[in-house]
Amino acid sequence: MLLVDYHWLILLIPSLWLIWHFRPLSSRILFLRVLLIILVVLALAGLHLRLPGREGIIVVVADRSLSMPAEADSRVKETMSLLKTQMPPGARLGLVACADEARVEMAPGRSSFSGFTGELNLEASRLDKGIQRALSLIPEELTGRVMVISDGLWGGSDPRIPAFQAASRNIPIDFRWLSRDLVSDMAITSFNVPDILSPGEAFIANALIFSPVAQVVQVGLFSSNHQIASFTRELKVGDNSLIISLKAPPASVVRFRLKVTTALPDPLAENNEALAISEVVGKKPVLVIADNSDSSMFKLLQSSGMQVELIDPLQINWSIEFLAGYSAVIIENVSAGKLTMHGMQLLAAWVNQLGGGLVLTGGKNSFGNGGYYQSPLETILPVSLELRSQHRKLALAMMVVLDRSGSMTAPSRGGRTKMDLANLAAASSLDLLSPLDEFGLLAVDTEAHVVVPLQRMTEKSRWREQILHVESAGGGIYVFEGISKAAEMLLKAEAQTRHIILFADASDAEQPGRYWELLEKATAAGLTLSVIGLGTDSDPDANLLRKIAAAGKGRVFFTRDPEELPRLFSQDTFVAARSTFIEEAAAIESLAPASRFVTGNISVKSQVGAYNLCYIRPEAFMAVRTIDENAAPILAAWQSGLGKVACYTGVAGGKDAGRFVTEPEAASLLSGVCNWVTFDDRHSFGEMTVAQQISKGMWRAEVFLDPDRERETFTDTPEIDLVRSIDGSPAEVSTMKMQWVSADSLGVETMLRGNEVIAGIIRSGKLHKRLNPVCQPYCPEFSLSQLRDGLAEMKDLAAISGGHEVIDLGRVWDSLPQKVQLRSFSTELLFLALLVFLVEVAERRTAALSVFLSWLKLLIKTRSAGKIAAGIIAEKGVSLPAAVVSSEKTAGKTFEKITGMQSTNTTDEQAKTVVPPEQQAGFTGALKSAKKQAGRRTRG
């Protein structure tokens, strides 16, 4: 027995004293009142009793990884429904879904499971996390079981570790085994190339191919998407070895892809391709990204003797291994939109975490005008890109026409809706404007609603809050209504530069009306209009939005990622303000830091034809600046993380370049800048060896120390900065501290997801070394099922914890182990207290309890006498003695006296005897008589 809140027991003392002091005359009422007080106090004190029982929790762990059968989710739902139907009172049922992570889909309770709702990365089977999460849902004081629904093909940490934890808590792990039918699956079971190569080195790429039948297949080998080998191969049943002799290219990072094509049906084509990455060490080339083949920076670097490559931004397949193949990247007047958000995120991570070098040159498509403001690259640039009022020559009047149709309620990342991000984008345009500029905003559905009246922005914070609280109102956006209202308001503006930003869903723009007539009049009055479409240029209304932008003599942007909206709004605001790209010639001069880029001293006195107006950051250094009222940086640089970044805000080529780029000092200075940012990939990590390996989806890096060392090579424990990337997804950056594995080695490990590529820098103090990029052949979920026995893995987990394979779901609840549990009886005690109170009231008002007890006592006595008499008759065969008969008559009279009813043993003469009127009333009369007696015997 346990009292949770035992301090309530103090109430017994005054309560029992009061009952005794004002005690009733009836002992029965006294007893009832004492019992009532005891029951209430015990309920308040939280009485718990230790009782054995099977009322517990069953938590189902559902494996949702890609290796599971297609019907697995429906099977899980069916299992949960059957378990819910069979669930006994007091038991609870929960569900944990696991793949790359573990997620509680249904907390233990008595509710029904309606289907999976959470999003998981399905490219891993972390059964260990699923079991651990399930165990955390079962309290220590309750009994429980875990049921795993899986194919047993786990990845990451060994699930037997949490299985032993379950065994220590007496929680069995049961399982239901589901698997795909992959009997006819052909698969590449391994694909290996050397991690590190030297230029021109001969090497071998070897692979192992499993074939379920004898067949002829086509084999193709690709190097960075270029086919380097193709041939047919006859496969026998079972494993087939494949060896290809190759020669390493110049210094680079090469992504090899092996593809095997079969003419027979294959249930799992994903494991017919495998990837591997090799790094060819040496001085890697510089990459120039430009819109055209006539790149001035490419020609300049090529003439200076540097190894350089030129590529169009739209041809780049951004990845970590792609960037790792270059020592520096030069972006020559390319807009941020062509680099893509994914590309800019990878570039920023490559510079900061992996020591890459970056140079950005100026032009109409660069810096603020090119959309780099609020982009992932802005934070690593040595110059800031904001608009400053002191350098503005023209005031701007701008109207934002904001789509608030029903489609804007759709969710985006971070728990925000498209409407939230559109509001944030409009607010970012407002933030760029000065108090001299005019700004207004319309929220449009079937009509235009004025959110911010067109006015000078002297109260930015007030109107910013208004913008951020615009909500979607359903329906579509009536384009003509928004444009016409915005043009009407802008015609009343004081500023001569007038601009409209129309934001609309590229799939939901309605009622354009005769927009061309409206915009013809508006542009004639000096207005311009740009369009930002949420969607792609192939969406149903994208062509309409393009035509509207052309009629408004503005720009058009499309993005399917709402996260990009603030950057696009800012970019268009920069262009509309006409103050960040200075198209007038400006004199320039070099400063002392210019000597960092060249050997010896350099002096520049020249002229640029145009430049992007930016501002030097406090931590950066300026090598060249303009000699005008702006004193703006033309060449600035700094260290960003482990990498270096430089910005040349002048134009590298063309009519806007000016005289400077034709002078010898320009070639010397710009090529020196490119050399300065290129990273040196020859760093070593002291006398230590660094090794990487991948097994069962786990990446592991180890540092091996010299066993005969006289002292430790480093004072700080090494750390690894990791950059992880999957095609099309944002790069993830993390830092991991290495742990001692033995006296002579340190290690660290992490889980890889699918085709994820991982690269990093290992560092300790001044020592650092870049780790070559590595990846898995393919997602482990597609590995050949014949290589592993998933059923045996599940049986092993069950054997460790005392579980079993579940065949009959109807008996699962019966298998819960009995366990002494603490059960609360507060509710039951309060119910009993209420019942005692009602009995006490009935006793005081009707003496019902006294009547019932007297009748019960008489009945017992009568039946006892009857049994004795029956025994004598049976044994002696004689009539009853007179005493016994007299006793029965006396009992009958006594019963009549108490109840007012005649005994069944009375004679006919006695039945004819006239009884008093009060006895003729029968049982009702007896109750009235008892009530009178109770009134005299009690005190109220």
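**Notes on the predicted model**

1. Lys299 has a relative accessible area of 45% and is partly exposed; the class lies between buried, under 20%, and exposed, over 50% (1.4 Å probe, protein chains only). Its side chain meets that of Asp294 in a salt bridge with an N to O distance of 2.2 Å. A salt bridge here is a side-chain nitrogen of Lys or Arg within 4 Å of a carboxyl oxygen of Asp or Glu. Asp294 is also partly exposed, at 49% relative accessibility.

2. On sources: the model is predicted, with local features requiring pLDDT of at least 70 and side-chain atom pairs counted only at pLDDT 80 or more, while totals for chains, interfaces and linings use all residues. Residues are numbered from 1 along each chain as its sequence is written, and side-chain values use heavy atoms, with hydrogens and water left out.

3. A salt bridge joins the side chains of Glu589 and Lys605, at 3.0 Å from N to O. This pair links distant parts of the chain, 16 residues apart: Glu589 belongs to strand β30 (residues 586–590) and Lys605 to strand β31 (residues 605–608). Helices (H or I, at least four residues) and strands (E, at least two) are DSSP runs, numbered from the N terminus. Glu589 counts as buried because its relative accessibility is 15%, whereas Lys605, at 58%, counts as exposed.

4. Lys655 and Asp656 form a salt bridge through their side chains, with 3.5 Å from N to O. Lys655 is exposed at 74% relative accessibility, and Asp656 is buried at 16%. The structure holds 34 salt bridges. As background, side chains of opposite charge can pair when their charged atoms come close.

5. Which residues does Arg255 touch, leaving aside those up to four places away in sequence? They are Phe222, Ser223, Ser224, Leu275, Ala276, Ile277, Glu321 and Asp727, where contact means heavy atoms within 4.5 Å. Arg255 lies in strand β14 (residues 252–262) and is buried, with a relative accessible area of 19%. Its C-alpha is 8.1 Å from that of Phe222, a residue 33 positions away in sequence.

6. An open sheet with mixed pairing is built from five strands, in the order β5-β4-β3-β6-β7. Two strands pair if DSSP finds at least two bridges between them. The edges are β5 (102–109) and β7 (173–177); each has a single partner strand, so one side of each has no neighbour in the sheet. On average, neighbouring strands of this sheet are turned by 15° against each other, direction ignored. For angles, axes are lines fitted to C-alpha atoms, for helices over the stretch in contact, and values run from 0 to 180 degrees between N-to-C directions.

7. Val61 stands opposite Val96 in β4. Helix α16 (residues 790–801) lies across β6 (144–150) and β7, and runs at about 165° to β7.

8. Four strands form another open sheet, with antiparallel pairing in the order β37-β38-β42-β41. Its edge strands, β37 (689–695) and β41 (739–742), each pair on one side only. The twist from one strand to the next averages 30°. Strand β38 (residues 698–704) runs antiparallel to strand β42 (residues 745–751), and seven bridges join the two. Val703 is placed opposite Leu746 in β42.

9. A nonpolar surface patch is formed by Trp8, Ile10, Leu11, Ile13 and Leu44, which together have about 460 Å² of accessible area. Patches are made of residues with over 30% relative accessible area and no salt bridge; like charges are joined within 9 Å, nonpolar side chains (Val, Leu, Ile, Met, Phe, Trp, Tyr) within 5 Å. Accessible areas come from the Shrake-Rupley method with a 1.4 Å probe; for residues, only the protein chains shown count as cover. Ile13 lies in helix α1 (residues 12–21) and is exposed, with 59% relative accessible area.

10. For the protein overall, the secondary structure comes to 22 helices and 45 strands. Of its 940 residues, 50% count as buried. The protein exposes about 43800 Å², of which carbon and sulfur atoms supply 54%. Among contacts with a separation of 6 or more, 73% are between residues 24 or more positions apart.
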